[in-house]
Amino acid sequence: MNEPYHVIGGRAVRLDGPDKVTGRALYTDDLHRPDMLHGALLQSPVAHARIKRIDTSKAEGLPGVKAVLTAANSPDVRWGVSPARYDETVFAKEKVRYVGDEIAAVAAVDRETALRAVELIEVEYEELPAVLDGRRALEPDCPQVHEAYPGNVCAKVEQHFGDVDAAMPKAHLVRTDTLSSKMQNGAFLEPQCALAEIDGQGRMTLTSSTQAPHYVQRTVAMVLGMPEHKVRVVCPRVGGGFGPKASCSTLELATCLLARATGRPVKSVFTREQVFLHSRARHQFFHKMTMGVDAEGRLLFLDHEALIDGGAYASFGIATAYYAGSLLGGPYRLPNMRFTSVRVVTNKPVCGAQRGHGGVIARALFETQLDRLAEALGMDPIELRLKNVMGAGETTCNDLNMSSLGMRECLEAVRDRSGWAGRPRRQEPGRGIGVACGFFVSGAGYPIYRSRTPHCTVVIKVDEAGGGVEVRTGAAEIGQGCETVMASIAAETIGIPLDAVRVRSGDTDLALDLGAYSSRTTLMTGHATKEAAEDVRGQVLEALAGAMKTPIEELKFEDGLLKVRGGAGNAEAIRDEYLKEHRGWAIPQAGPNLTFAEASRLAFLERGAIVGTGQYRPPALGGKFKGAAVGTSPAYGCSAQVAEVRVDLETGQVKVERIVAAHDCGQAINRTQVEGQMHGNISMALGEALMEEVVFGKDGRILNPNLADYRIPTALDMPAMETIIVESREPNGPFGAKEVGEGGIMPTIPAILNAIYDATGAQIDEFPVSPERVLAALKRRRSGA
Amino acid sequence: MKRLLGLTVNGLPREVAVDPNRTLLEMLREDLGLTGAKQGCGEGDCGACVVLLDGVPVNSCLVLALEAEGREVTTIEGVAEWPSLHPVQQAFLDAGAVQCGFCTPGMILVAKAMLEAEAAPTEQSVRRGISGNLCRCTGYQKIVEAILLAAERMQSLEGARR
């Protein structure tokens with residue numbers, strides 16, 4: 001059913017690939033500036049304390065030290081992610097609230113000196129009792145982490161759609177289950193790095209490994225008290241982000257302050273341990289769900305409570321607290337849903353957004369509970385799901401509109417590919433198969449700060465010499481491949497080969513873009529790119545229509561050649577009249593059709609600079625209730641997965657042997673990249689399901705702040721993954737495209753948990769599913785507890 | 001007190017004055033400006049800093065620069081023969097094995113060494129071979145496919161040469 005596309009839907013090599021395989025690609029820490037200083041941070045060694053005294057004199061006296069900053073000589077400005085919860089200062093004022101809370105920063109001639117100076121800063125602490133357990137945080141006698149959050153409650157959500165109490169008695173079957181997780185880490189390969197420099201006009205340029213240059217620009221301007229136009233934020237190549245790099249950080253702010261204090265470029269980089277301390281990754285969730293179905297297996301209601309441990313500051317936490325509930329509204333018809341969540345603060349590193357944001361753990365419990373209900377009803381889990389899936393055009397009880405939804409197609413695809421029907425279930429001890437589904441926003445419907453700003457703008461400029469076009473976007477290329485997606489959309493729209501398009505991205509000077517989060521870039525920046533490309537195409541064709549005295553509707557570019565009603569038109573006459581230029585060298589012989597190079601040169605000669613612009617802002621979305629904005633999106637991606645596992649019943653070791661995944665991305669812009677996103681989602685979720693846990697000591701220190709003890713999947717842990725791309729042609733997406741970057745994570749954890757249950761009959765209520773937890777669940781099962 | 005280090009880097013003889021505690025990774029990145037090798041952890045856990053020392057992959061964050069005295073170092077910058085890419089590099093592009101790219105230099109060097117030792121590896125031996133290199137983006141699938149594709153191409157090249 002696909003349109004005859006020339007570029008999109010293919011498998012083009014990514015634009016940044018050649019530089020990345022040869023070592024030419026430059027990441028922030030690869031950059032060096034003349035006269036550059038090195039920054040380092042002093043972070044709290046204690047989880048909760050009053051700061052009695054800070055003495056920086058020894059550090060300042062160390063030769064080679066150029067600046068020492070603390071709260072005393074830095075802006076007293078509160079910042080954060082959500083304007084409603086600005087609760088951080090660059091450096092701790094009066095109190096430190098977690099091991100890693102930033103107290104001071106040093107700039108010195110080299111990194112060694114900066115680190116030595118940090119050690120020379122004397123801080124006297126009056127230790128306070130620390131809150132290290134999210135459940136304990138709510139107890140009445142618990143110490144308070146912030147005065148601003150009485151009872152340690154940072155965000156509280158109460159939502160009710162339909163009428164759960166009225167639906168409850170009508171249920172044929174009701175189940176209550178719980179599931180909890182541990183704090184997890186983004187574990188991207190590139191530790192955060194920031195390089196700040198001020199030019200002769202007093203303008204700050206911050207180069208940073210960020211996912212969201214725009215929000216960082218705003219925060220730097222606010223905290224440093226500079227006009228926004230005096231702050232430029234650039235992300236060069238970025239070594240993965242997955243959410244934790246989506247907000248401004250103290251590393252970035254402190255580095256800017258050091259550059260301003262010294263007048264010299266300053267670069268600061270995190271160690272791997274600091275990546276763990278800074279965290280801003282997956283929260284710890286405690287979910288309890290009660291779900292009811294009728295005798296035919298139709299979902300009647302969901303009653304859902306969540307407790308979310310957020311660590312010491314708010315970060316993205318309000319959104320997390322809402323997402324944990326709102327992302328259960330689909331992809332099944334669920335008429336009644338009640339959701340209560342509390343996001344507490346504790347004296348632990350700060351949690352933020354991570355791939356799938358607040359929805360991942362909630363989805364894991366929801367999908368495992370569906371399986372238990374299916375079992376009780378004597379129904380096949382896929383049959384139960386197919387009975388309940390929504391279709392395109394339907395709206396959830398919390399007002400999320402599924403303008404396209406290939407959920408049924410995804411389920412049927414994984415059922416057929418995995419050989420689900422032929423698999424005997426619960427027969428071979430230790431071997432199991434499980435299924436799960438999920439959906440996710442294709443870009444948050446609203447910006448993080450309240451504004452009617454476009455979510456992105458894109459500028460496309462045609463080379464004056466003709467032939468090439470440059471796409472200029474503020475979108476952040478963090479490895480997900482957005483530069484290639486934008487180039488493909490521009491090439492397809494104009495009608496030129498991909499090779500003619502280059503992309504500059506991740507620079508607040510180029511255009512506005514909210515950034516790489518909420519799986520938004522393909523749909524949103526894609527729209528703006530398409531619009532800018534249409535603008536460029538229109539300008540060039542208009543010039544040609546005039547020159548050729550042909551109606552513009554009869555002209556188009558195809559693979560870089562001008563087609564006039566399918567033919568070449570009077571190309572030779574145009575060449576003679578308009579393009580006779582003495583450039584001093586021969587232009588390669590052109591064929592009968594005018595090339596895009598000739599046509600765009602002609603347009604430039606006629607009209608001057610050819611610059612096209614585009615923008616995108618979603619329409620007003622969602623309901624009128626409190627928190628209705630969170631979960632809204634112009635479109636939703638969805639996916640289904642089947643996992644096969646082998647569980648060693650003696651040791652509790654779980655091995656995932658196969659994953660069959662289907663994802664509805666609307667329209668693949670680049671099939672290879674869609675598959676790559678699906679694979680990445682699965683591997684991150686597999687790690688979270690089976691191995692990833694940030695472990696804390698009694699004093700609030702992280703016991704495993706490294707990649708040896710915080711284990712992420714290696715090539716030996718990953719099973720063969722079979723991917724199926726479903727294309728439902730999203731009406732609100734550019735060329736019908738929507739997200740794949742985050743939604744693909746949703747089904748993996750519950751599919752694995754359901755497979756473990758199938759293999760062992762053991763129900764896991766806490767993960768990661770370590771061998772110990774498997775054995776404990778098996779023991780519970782045997783004892784009938 | 002700095003000491004003079006003599007070694008071969010990507011086929012060229014180099015002399016560098018380094019502190020005895022300087023790592024090979026720091027020397028390559030900061031003294032020679034070869035920033036293709038990355039520091040992902042500094043503890044030998046992630047493999048982003050892998051270079052070849054006399055053809056053998058090492059985590060250059062755990063090797064002292066002075067240990068490379070008189071030896072041959074190959075970094076990602078020295079793998080391609082302009083204007084062609086090395087078959088492993090080309091296969092990484094063709095198979096879509098690159099996303100953020102931070103693990104890519106280490107992965108390619110490990111794969112190059114692997115294929116020089118074992119021309120026709122199985123999928124499992126490829127997975128074992130890269131198990132010391134972490135990647136958070138790809139789930140390794142397309143990396144494994146790329147290495148197998150490179151092996152196939154290198155073998156048929158070899159076959160054509162005979």
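In this predicted model, helix α9 of chain A passes helix α17 of chain A in a right-handed crossing. The two axes, of α9(A) at residues 359-377 and α17(A) at residues 748-760, come within 8 Å and cross at roughly 35 degrees.

**Helix pair α9(A) and α17(A)**
- From α9(A), the residues A:Val360, A:Arg363, A:Ala364, A:Glu367, A:Thr368 and A:Asp371 take part in the contact.
- On the α17(A) side they meet A:Ile749, A:Pro750, A:Leu753, A:Asn754 and A:Tyr757.
- By residue class, the contact of α9(A) with α17(A) comprises 6 nonpolar, 2 polar and 3 charged residues.

**Nonpolar core**
- The largest nonpolar core holds 314 residues, of which A:Val106, A:Ala490, A:Ile752 and A:Ile756 touch the most other members.
- Helix α13 of chain A (residues 521-548) gives the most to this core, contributing 12 residues.
- Apart from neighbours within four places in sequence, A:Ile756 is in contact with A:Gly432, A:Val645, A:Val647, A:Val654, A:Ala762, A:Ile764 and A:Val769.

**Contact between chains A and B**
- In chain B, 41 residues are in contact with 44 residues of chain A.
- On the side of chain B that touches chain A, at least two residues each come from α2 (87-95), α3 (104-117), α4 (123-129) and α5 (141-161) of chain B.
- The largest share of that side, 4 residues, is supplied by α2(B).
- The side of chain B that touches chain A consists of 19 nonpolar, 14 polar and 8 charged residues.

Methods
Residues are numbered from 1 along each chain as its sequence is written. Chains are lettered from A and ligands numbered from 1 in the order in which they are written. This is a predicted model: local features need pLDDT of at least 70, side-chain atom pairs count only at pLDDT 80 or more; totals for chains, interfaces and linings use all residues. Two residues are in contact if their C-beta atoms, placed from the backbone, lie within 7 Å. Ala, Val, Leu, Ile, Met, Phe, Trp, Tyr, Cys and Pro count as nonpolar, Asp, Glu, Lys and Arg as charged, and the others, Gly among them, as polar. Axes are lines fitted to C-alpha atoms, for helices over the stretch in contact, and angles run from 0 to 180 degrees between N-to-C directions. A crossing is left-handed if the near helix is turned anticlockwise from the far one by less than a right angle, and right-handed if clockwise. A nonpolar core is a set of buried Ala, Val, Leu, Ile, Met, Phe, Trp, Tyr and Cys residues joined through C-beta atoms within 7 Å. A residue is buried if 20 or more other C-beta atoms lie within 10 Å of its own, exposed if 12 or fewer, and partly exposed in between; C-beta atoms are placed from the backbone.
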